[in-house]
Amino acid sequence: MSEAKPVYLDNNATTQVAVPVLEAMLPFISEYYGNPSSIHGFGAPVAAALEKAREQVQQFLGAEHSTEIVFTSCATEASNTAILSALEAYPDRKEIITSTVEHPATLDLCKQLERKGYTVHWIGVNNKGRLYMLAFQEALSERVAVISLMWANNETGSLFPIRGLAEQAKEYDVLFHCDAVQVAGKMPIQLSGSGIDMLSISGHKFHGPKGVGALYLRRGLKYRPLFRGGHQERGRRAGTENVAGIVGLGKAAELAQQAIEQDTARIRLLRDRLEMGLLARVPFSVVTGNPQQRVPNTSNVAFEYVEGESILLMLNQYGIAASSGSACTSGSLEPSHVMKAMDVPYTAAHGAIRFSLSRYTTDEDIDRVLEVLPEIISRLRLMSPYWDAAKGEPKEQQFQPQYA
Amino acid sequence: MWNYSEKVREHFFSPRNAKPVEQANATGDVGSIACGDALSLTLKVNPSNETIEEAGFQTFGCGSAIASSSALTEMIIGRTLDEALKLTNQDIADYLDGLPPEKMHCSVMGMEALHAAIADYRGEELEDDHEEGELICKCFAIDDVMIKKVVQQNGLSSLEDVIHYTKAGGACATCHEKIEWVLSECLQESAKAPELVSELPAVDPDQPLSIVAKVRLVEQALEKIRPQLQADGGDVQLNDIDDDMVFVTLTGACSGCGFSHATLAMIEDAVSKVLGQAVTVYPTALGSSAAASEQEAS
């Protein structure tokens with residue numbers, strides 16, 4: 001690591017806990033240790049803190065009632081609960097609609113359900129990451145138990161038109177679950193009046209703590225819990241509550257709601273400056289996803305003819321943290337399923353780097369990346385068999401290795 | 001982030017010979033852009049003594065791919081082609097003080113590039129035996145292609161079989177569910193494929209087998225197991241058959257391997273199946289027989 005201040009541009013992976021969030025949590029790890037289910041004086045203030053957090057999250061999501069919020073251990077639990085609940089509540093419906101670019105929390109669960117005999121309609125995306133609407137409409141029927149789609153993609157930030165999709169689901173009375181992990185804290189979410197039945201969020205993506213998430217369940221919804229046991233969360237999620245985490249989530253939601261108004265424009269400007277600066281300085285680089293429809297903090301740029309992990313290792317040397325969907329960082333041999341779904345050519349997909357900003361990102365952070373990254377790409381391209389070092393461009397005759 | 005050794009980091013950040021050799025007379029281009037790895041190795045070989053005088057690489061790949069390429073060039077410069085051919089991918093990994101299991105394929109790519117370059121120099125055709133799938137067992141670096149191959153060759157049907165035959169899942173057990181998925185895929189495929197007629201003659205349990213027939217059946221069973229053992233650098237040899245006792249010798253890497261008990265169990269399974277009776281397989285030293293070991297015992 002270099003001496004300079006570290007630059008953290010991996011906020012879609014996780015975020016720094018806000019100081020007021022930590023301060024709100026600490027008393028519930030020390031003096032307020034009562035069980036919120038207890039009847040005595042130790043439990044009462046803790047139960048009250050949970051209800052306050054529930055209201056904070058309700059406000060944040062624009063839900064009609066605070067009781068529509070169920071706290072979970074993370075968004076993965078929330079999404080799993082939502083999908084499995086729908087299947088159990090509607091046992092005669094054996095089909096699921098989802099997309100090919102979902103987060104593993106949805107993707108892997110649906111693959112498992114497919115193995116168990118459910119029919120999964122995997123809706124694809126075009127090369128900009130836009131959902132094939134016709135395929136979605138064709139998959140809709142009374143046989144479908146649940147639709148689960150992400151609002152914003154974690155790798156590219158591209159948005160799906162969730163409100164419209166949820167409306168269409170109503171025609172067939174299909175439950176609609178939305179994975180809103182990557183929009184929460186980045187854009188306003190107004191649930192009341194929307195067609196969304198269930199929605200998952202995660203605390204640590206908007207400056208809250210890890211290990212806590214929430215599931216929105218529209219009032220009147222047919223629901224079956226995943227965890228059974230005590231009567232916590234009105235019997236919808238058994239298990240003693242992660243009180244400090246929930247209090248932190250509530251505080252983070254309150255702060256994020258204010259920040260969306262105050263910081264979004266600035267974050268978007270920083271992101272655009274970074275992106276345009278990179279495209280101008282690095283030839284053969286492209287923005288992946290849908291630049292017109294995406295969350296304001298995310299930019300995914302593919303640097304052709306070089307590999308993502310190498311870029312990240314070198315960036316790390318300069319104290320800069322970003323991420324890549326590259327095969328080699330994940331331990332698999334295939335490039336990211338999102339890049340594959342968008343048909344990004346392999347020479348670019350492996351070099352896709354995600355920069356995700358937060359309200360703590362500064363002008364200096366962006367300057368630093370613009371200063372060091374172009375040099376890193378040139379260095380790696382000099383080593384690349386796809387690159388003609390003498391001409392400074394891709395080889396005329398494309399490199400064709402054996403076994404390709 | 002990967003836990004790379006200092007040596008890997010050093011070779012990544014300051015790679016050696018990271019440029020094509022001018023006036024190269026051997027080139028090995030290997031890898032697959034789909035998997036995110038590609039390597040072009042160029043050599044200058046002195047034709048009078050077949051010594052590698054210069055080596056250079058260009059690599060598209062992750063940190064360990066670049067480090068493996070760099071290490072490879074350092075290891076082969078100054079060696080003759082025959083000496084260089086003796087290098088294994090493990091040698092490259094060892095040179096770098098080890099690679100994470102998910103990254104061992106980077107060292108394999110280095111070795112393949114070397115073989116391709118030498119074949120190019122000698123004007124030989126290179127056999128393409130390259131196939132790489134999803135890594136299933138991280139402890140023993142076994143992928144789904146390998147598991148499928150062994151399952152199909154041996155008609156395996158349970159998780160335990162797969163563990164015995166491939167070692168996959170034999171240590172930390174976290175990949176057992178994935179193995180079961182691969183297995184069920186194979187079973188579905190073989191259900192679709194027309195029924196394969198067993199090559200082995202049916203054994204009539206009432207008709208005692210002649211010793212010659214027994215030996216032939218056991219040899220056939222061992223022949224089927226042999227490729228897996230050889231893949232690990234080992235082998236097996238039949239020494240003697242006495243009633244329900246079968247004496248074999250594990251050779252090469254199999255002798256003294258910590259998993260030899262699993263290998264023996266696998267052999268016992270296969271041999272019992274072909275003979276139509278439960279037998280016990282005993283490991284013996286090379287050349288010894290049942291009679292000899294009886295004498296030793298007495």
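**Helix H6 of chain B and its surroundings**

In helix H6 of chain B, the buried residues are Asp144(B), Met146(B), Ile147(B), Val150(B), Val151(B) and Asn154(B), where a residue is buried if 20 or more other C-beta atoms lie within 10 Å of its own, exposed if 12 or fewer, and partly exposed in between, with C-beta atoms placed from the backbone. Seen down the axis of H6(B), these buried residues fall within an arc of 160 degrees, so they line one face of the helix; the arc is that of the directions from the helix axis to the C-beta atoms. An α-helix has 3.6 residues a turn, so residues three or four places apart point the same way.

This is a predicted model, in which local features need pLDDT of at least 70 and side-chain atom pairs count only at pLDDT 80 or more, while totals for chains, interfaces and linings use all residues. Residues are numbered from 1 along each chain as its sequence is written, and chains are lettered from A and ligands numbered from 1 in the order in which they are written.

The cover over the buried residues of H6(B) includes strand E4 (135-137), strand E5 (142-143), H7, helix H8 (176-192) and helix H9 (211-231) of chain B. Helices (H or I, at least four residues) and strands (E, at least two) are DSSP runs, numbered from the N terminus. Just after H6(B) comes Gly155(B), which takes a positive phi of about 60 degrees.

Stepping back to the whole chain, chain B holds eleven helices and eight strands, and buried residues make up 37% of its 298 residues. Of the contacts in chain B between residues at least 6 apart in sequence, 56% join residues at least 24 apart, two residues being in contact if their C-beta atoms, placed from the backbone, lie within 7 Å.

The domain assignment divides chain B into domain 1 (6-122), domain 2 (135-192) and domain 3 (211-297), with bounds that come from an automatic or database domain assignment. Seven residues of domain 2 of chain B are in contact with seven residues of domain 3 of chain B. On the side of domain 2 of chain B that touches domain 3 of chain B, helix H6 (144-154) and helix H7 (159-166) of chain B each supply at least two residues, and the largest share, three residues, comes from H6(B).
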